[in-house]
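Please open the structure in your viewer and keep the selection tool at hand.

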Amino acid sequence: MESANKIALITGGSRGLGKNMALQLAAKGVDVILTYRTKKEEAEAVVAEIEQTGRKAVALPLDTAEMSQFDGFFAQVAERLQTVWNRNTFDFLINNAGIDARSMFPETTEADVDRLFNIHFKGVYFLTQKALPLLADGGRIINLSTGLTRFTTPGYAAYAAMKGAVEVLTRYLAKELGPRGITVNTVAPGIIETDFTKSALESHPGVREHIASNIALGRIGVAGDIGGVVAFLCSEEARWVNAQRIEASGGMFL
Ligand SMILES: NC(=O)c1ccc[n+]([C@@H]2O[C@H](COP(=O)([O-])OP(=O)(O)OC[C@H]3O[C@@H](n4cnc5c(N)ncnc54)[C@H](OP(=O)(O)O)[C@@H]3O)[C@@H](O)[C@H]2O)c1
């Protein structure tokens, strides 16, 4: 699969891991449609950065917790594919958008669980379903999970359970979409320094050092540790990698 004319759709590409994925994919010759929920200016700055490298990019608004937006969103995607690329399809769907939410199990409310469910599972499920008519045969789907599905950190029961569900969904999608030549994999980052982890990393003195001491490579991850893994999974070299959970955590809690 030649990457020069490929197009990736990345949810939550305005900052953090999604932004890094967008930049690393663009560096490998992939054009990008990225979404934002609140940070329009940041998303447009990512588009400008990609355009400076000679690739094409578009930013569109999307709330992945709002299923009612999905038909309108994909109508916009189809319109941009036509006007910007003269195409009817894109090649890589990266389900990245997400929120950090932690609470100890006894204190977790129904509203907490519903919010996590909507963003981290139901949104991924139906966004992927509605993306299928526009996703090219031979394409790729990459879902973001977390190291927290393998090891446990108190306070993340609901979040990690949703990500665990996404890992199971990944295997089912790989099976059902195999006849179309579409691979489906999960990338599971360990703790990575982004806005997502800011409050946890700043919660009390010494927390960074403590976390780093539980990572074989001895440091907290940075966004650049993840974007390249996603770019690899979108490459020709990764064509036989399918239905896998690939953890990128520097060797956390081994
Ligand atoms: N950072 C980590 O340590 C870590 C570890 C494991 C897994 N992950 C997973 O990696 C993914 C990205 O995390 P991150 O660290 O990059 O987070 P981040 O820096 O907080 O960025 C989150 C991104 O998702 C978008 N977003 C948030 N809620 C959304 C919604 N309801 N609908 C659409 N977009 C939404 C944000 O858009 P706006 O900028 O417009 O608000 C932003 O682009 C998440 O799925 C997260 O669960 C992160």
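The model is a predicted one, and residues are numbered from 1 along each chain.

**Stop 1: the ligand**

Select the ligand and display the residues around it. How many residues surround the ligand? There are 32, and the closest are S14, R15, T38, Y159 and T194. Next, show the backbone atoms of R37, N96 and G98. A backbone N or O atom of R37 lies 2.7 Å from an oxygen atom of the ligand. For N96, a backbone N or O atom is likewise placed 2.7 Å from a ligand oxygen atom. At G98, a polar backbone atom is 3.5 Å from an oxygen atom of the ligand.

**Stop 2: helices α4 and α5**

Two packed helices are described by the angle between their axes and the distance between the axes. Select residues 110–131, which form helix α4, and residues 157–177, which form helix α5. Their axes come within 9 Å and cross at roughly 15 degrees. Because angles under 35 degrees count as roughly parallel, α4 is roughly parallel to α5. The crossing of α4 and α5 is right-handed.

Now display the side chains on both helices. On α4, the residues that meet α5 are V113, L116, F117, H120, F121, V124, Y125 and T128. Their partners on α5 are A158, Y159, M162, K163, A165, V166, L169 and L173. By class, this contact of α4 with α5 comprises 13 nonpolar residues, two polar and one charged. Y159, listed here in α5, is also one of the residues closest to the ligand.

**Stop 3: helices α1 and α8**

Select residues 16–27 for helix α1 and residues 224–233 for helix α8. Their axes are 8 Å apart, and the helices pack at an angle of about 50 degrees. That angle makes α1 oblique to α8. The crossing is right-handed. From α1, the residues in the contact are L17, N20, M21, Q24 and L25, while α8 contributes G224, I226, G227, G228, V230 and A231. The contact of α1 with α8 divides into six nonpolar, five polar and no charged residues.

**Stop 4: helices α1 and α2**

K19, A22, L23 and A26 of α1 make the contact with V46, E49 and I50 of α2. Five nonpolar residues, no polar ones and two charged ones take part in the contact of α1 with α2.

**Stop 5: residue R87**

Select R87, in the loop between α3 (70–85) and β4 (90–95). The side chains of R87 and T89 are joined by a polar contact of 2.9 Å. Leaving aside neighbours within four places in sequence, R87 is in contact with N5, K6, I7, L81, Q82 and A136. Finally, draw a distance between the C-alpha atoms of R87 and I192: these atoms are separated by 35 Å, and the residues are 105 apart along the chain.

Key. This is a predicted model: local features need pLDDT of at least 70, side-chain atom pairs count only at pLDDT 80 or more; totals for chains, interfaces and linings use all residues. Side-chain values use heavy atoms; hydrogens and water are left out. Axes are lines fitted to C-alpha atoms, for helices over the stretch in contact, and angles run from 0 to 180 degrees between N-to-C directions. Helices (H or I, at least four residues) and strands (E, at least two) are DSSP runs, numbered from the N terminus. Angles under 35 degrees count as roughly parallel, over 145 as roughly antiparallel, 65 to 115 as roughly perpendicular and the rest as oblique. A crossing is left-handed if the near helix is turned anticlockwise from the far one by less than a right angle, and right-handed if clockwise. Contact means heavy atoms within 4.5 Å. Ala, Val, Leu, Ile, Met, Phe, Trp, Tyr, Cys and Pro count as nonpolar, Asp, Glu, Lys and Arg as charged, and the others, Gly among them, as polar. A residue is near a molecule or strand if one of its heavy atoms lies within 4 Å of it. A polar contact is a pair of N or O atoms within 3.5 Å; within protein, one must be able to donate a hydrogen and the other to accept it, and residues adjacent in sequence count only if both atoms are side-chain atoms.
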